[in-house]
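Subject: The structure, with some notes

Hi there,

Here is the structure I promised to pass on. Have a look at it first, and then read my notes below.

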Amino acid sequence: MLPRKRAGEGEAVTKGDSIKRQRVSSSSTDNSITGQENSSSDRGSCIEPTITEMAFDNGNQRDIDEDLHSRQLAVYGRETMRRLFASNVLVSGMQGLGVEIAKNLILAGVKSVTLHDEGTVELWDMSSNFVFSEKDLGKNRALASIQKLQELNNAVAVSTLNTKLTKEKLSDFQAKGSIQIFRMAVVFTDINLETAIEFNEYCHNHQPPIAFIKTEVRGLFGSAFCDFGPEFTVFDIDGEEPHTGIIASISNDNPALVSCVDDERLEFQDGDLVVFSEIRGMTELNDGKPRKIKNARPYSFSLDEDTTNYGSYERGGIVTQVKQPKVLKFKPLQEAIKDPGDYLLSDFSKFDRPPLLHLAFQSLDKFVSELGRFPVAGSEEDAQRLISITSDINESSGDGKVDDINPKILRHFAFGARAVLNPMAAMFGGIVGQEVVKACSGKFHPLFQFFYFDSVESLPTEPLDPSEFRPLNSRYDAQISVFGSTMQKKLEDAKVFVVGSGALGCEFLKNLALMGVSCGKHGKLTITDDDVIEKSNLSRQFLFRDWNIGQAKSTVAASAVSLINPLLNIEALQNRVGPETENVFNDTFWENLNVVINALDNVNARLYVDQRCLYFQKPLLESGTLGAKCNTQMVIPHLTENYGASRDPPEKQAPMCTVHSFPHNIDHCLTWARSEFEGLLEKTPAEVNAYLTNPNEYAAAMRKAGDAQARDNLERIIECFDRERCESFQDCITWARLKFEDYFANRVKQLTFTFPEDAATSTGAPFWSAPKRFPRPLQFSATDPSHLHFIMAGSILRAETFGIPVPDWAKHPKKLAEAVNKVMVPDFQPNKDAKIVTDEKATSLATASADDAAVINELIMKLEQCRKSLPPNFMMKPIQFEKDDDTNYHMDLIAALANMRARNYSIPEVDKLKAKFIAGRIIPAIATSTAMATGLVCLELYKVIEGSHKLEDYRNTFANLALPLFSIAEPVPPKVIKHRNMSWTLWDRWIIKNNPTLRELLQWIADKGLNAYSISFGSCLLYSSMIPRHKERMDKKIVDLARDVAKVELPSYRNHLDVVAVCEDDEDNDVDIPQISVYFR
């Protein structure tokens, strides 16, 4: 049993609290619609901080709901979030674009959002505004929006203003704060140029300046303009972690050459500033002073400094990039409109488009001011008038004159000028929402200053009769004014499959409902997702509310989107899409679809759906996000390559020996911690239960395996039954204390005994050279909060596995310290024969032994004896890691394990949130990039549903809203294979009907000038010309061979099977042919 009293401990280095984290200050957050401040309750001096708060030095106020905002925190960080929480935003114009911007900002968690609009809801608005319903017709737009927008985040104060906005009123929204950054931003989505210039001048000259954004969506055209004041400081231009390198050598030279280990390529650029730390020998560089680098190469760079007289470099050292703030000087709108400077390009095939659109939006403003209305869709007279105005403005532009004003583009612009289309609103809602975040926080580089975009390729390929644009007194009239009523009917009758209803899925469903997709009597939208709603979803997945937590995502999303458009024909399923559900998503299901839209979060699922779409020749619209980045890919039958045709290289995995014995960054420590957590609390208890459920069967399986892993499993079970068995919570504390000693003292002592600091390799080189870091053992101290935090988390979770109640005092620092000080810790003696794996190619730490079988037999006998002493019905409770529950102590233990290990190796420690990001493999996510991605995809959906667009009309996109960067290009066509007079691509599938025999199939292939020497079904070989006995199969039906040889049961709904034929031509050259579908029914 576990020892109870403490004995003397061996020599160790005490580090204690030497690595401190900066104490963070809290900001009050607005928590009600009235704007009343609701700050976290102050901790009085009489309230003792928790052990977790003491361990992470954040015992003041928790001002950020990490459960809700974890994915957003992974993008922005705490400081940016605090700035957002103290920022006020006014959004003017509550049509489709304004409400999309407001939605994204409310989800982000700004302090307050004021909705301004003097107009009333019209049927025209229903095409793009997800908060309006027909019962809102005639109401003020701002008042009709507030309730549904407030539901998105009750911590944000949402208010309305439905009277005329004056410049003086803007000052009322300006927040007061000590941080010298913008805390107020105004966004105008529906304002004439003259008034915009007046408001912009006021905002630009205000002290402090008020961030000003003017944005518009006009049909398939959009614009955005940003002015954040005379001088705006960007604190972090890209949001990426500072690049680092592990130093291998530094020359005594002028300039000095710094070489780094070839573990990973350096990401430095010439002119970067870097700081050095932990250098042995040339300690002059450890002064924390930023130094400029030049001649940056993949594994080296030159230092712009003379190190001739410095100490000689010995070993060690880390070089870290220093990110510099950047000051931008914005021009006011009146000046910028005349001298726009460089436009932010999105599509390089439209290099000349931004200057034209710069004129077009000015012309539209003049058109509306002169006639008091927008151009009428389909009116050639109005289009010609707009073209004439554009020509006049262009002639007076001086040096900024555009060579070709392109009447065709201006005609499209005029026809759709009144319409706010949902996909455009979603896209610009994401872009502009992100610009507001930048204005309020100084995080990421702002748009500087004009951005124009169009998607005229989305229009029908053939000219439309003017009658097509006439309003039908329907909620889709705005969309009809751009695409025509025939296209609207196609959208309504579309059969669409949306895979996933998370962040992307919610946005897609909203967009599709507003577009009228699957809202006709022949249309149907199928949504599936096997996941349930968690709290962390609520900051991005806007169809969900806190009362939906624990419910099925697809069901809740379908119900919510039906409120947006009651005409939507939607079916919600909770099935994972994969081979195991092909009885649900069968051939008939796939064949009836018009298009598939992926809203998935993992590559394997994407690849499966991609293969299904490839097989059934269905368009697949693919997208994904990662923080501020997003990408879209169009997979169109016979026009583009498929999703799986190109893949990112796999992530580089750290060698096992690095993770277990030679970590050199916090990721290694957290990988090890996650592995230990699962081994101790999930795998070992599961092995215990597997043994207790059927001891004889388990013992037989271990004997059969007879390897080091089986031996290790048995030893772990015996430990749970014998030496490490816990019967009381004090036993759990003892277990945790001894684990601390084993992990952070004894193992390090053994490692440094086996490999002393001056150890050398077989070649004579120092063993402890970069990237290896020499470790130091820790000496436990109950007064160290981090040590106590490990004991608390470990003992609580150990108690859970044994079903032992946790007393209240377990979370009390003093009482827990008293209990842990009772534990007896044996002295450690290093093992002279210990073997420590140093081979980076090794895949297991367990070492095989010649007598494994004999040892396993002995262990099984011992296990039988131990089992007799167990209480009746004894079972353990395995614990599955769950990162998103802050009350379960899972992340507490993993963070404690990782940080103590980091302390061993002098690696900077991390707080629990950062540990959660890394160990929990959390994908950073924000609402803005999600909204943009779905908007871009839905612009492509118009092309897919219309059905006659060419490859050059489609667009794939990569965007990074942090920079901002947009890279839009045509998709890649599929590879074409030619043989004789035939050609095919991966989209083709050869079909043979009438239930052929093997002989008939081979002859059918031979008629194409090909010799098939192998036919396989799945992993089973049905025929090979090299195997003589296969000739006996010639007159058997292919379907019978599949049943007899492959032993498959073909379900009743399946009317064909697919075989792969390996062929060669008459000159014995292999030819890749399409998959062959053999129809037997």
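Cys657 is buried, with a relative accessible area of 2%; here buried means under 20% relative accessible area, exposed means over 50%, and partly exposed is in between (1.4 Å probe, protein chains only). UniProt lists this cysteine for "active site" in an unreviewed entry; UniProt positions are given in the numbering used here, feature names are shortened, and annotations may be inferred rather than shown by experiment. Cys657 belongs to helix H19 (residues 656-661). Helices (H or I, at least four residues) and strands (E, at least two) are DSSP runs, numbered from the N terminus. Setting aside neighbours within four places in sequence, Cys657 is in contact with Phe662, Val837, Thr838, Asp839 and Glu840, where contact means heavy atoms within 4.5 Å.

Before going on, a word on the model: it is predicted, local features need pLDDT of at least 70, side-chain atom pairs count only at pLDDT 80 or more, and totals for chains, interfaces and linings use all residues. Residues are numbered from 1 along each chain as its sequence is written, and side-chain values use heavy atoms, with hydrogens and water left out.

Arg674 sits in helix H20 (residues 666-693) and counts as buried because its relative accessibility is 14%. Its side chain makes a polar contact with the side chain of Glu678 at 2.8 Å. A polar contact is a pair of N or O atoms within 3.5 Å; within protein, one must be able to donate a hydrogen and the other to accept it, and residues adjacent in sequence count only if both atoms are side-chain atoms. Not counting residues up to four places away in sequence, Arg674 touches Phe881, Ile894, Ala919, Gly920 and Arg921.

Met891 is in helix H27 (residues 890-904) and is buried at 2% relative accessibility. With residues up to four places away in sequence left out, Met891 touches Phe881, Lys883, Lys912, Ala915, Lys916 and Ala919.

One of those residues, Lys916, also takes part in a salt bridge with Asp886, the closest N and O atoms being 3.7 Å apart. That pair links distant parts of the chain: Asp886 is in the loop between helix H26 (852-868) and H27, Lys916 is in helix H28, and they are 30 residues apart. Both Asp886 and Lys916 are buried. A salt bridge here is a side-chain nitrogen of Lys or Arg within 4 Å of a carboxyl oxygen of Asp or Glu.

How many salt bridges does a search of the whole structure find? The search finds 65. Another of them pairs the side chains of Lys350 and Asp454 (2.9 Å, N to O).

Now for some backbone details. Most residues other than glycine have a negative phi, and most peptide bonds are trans. Asn473 is not a glycine, yet has a positive phi of about 55°; this residue is exposed, with a relative accessible area of 66%. Ser906 has a positive phi near 55° and lies in the loop between H27 and helix H28 (912-919). A cis peptide bond joins Ala770 and Pro771, with omega about 10°, and the bond from Leu963 to Pro964 is also cis, with omega near -20°.

Pro964 is in the loop between strand E24 (956-960) and E25. UniProt places "domain: Ubiquitin-activating enzyme E1 C-terminal" (unreviewed entry) at residues 954-1076. That span is 13% helix and 37% strand, and its end C-alpha atoms lie 29 Å apart.

Finally, Leu965 lies in strand E25 (residues 965-969) and is partly exposed, at 35% relative accessible area.
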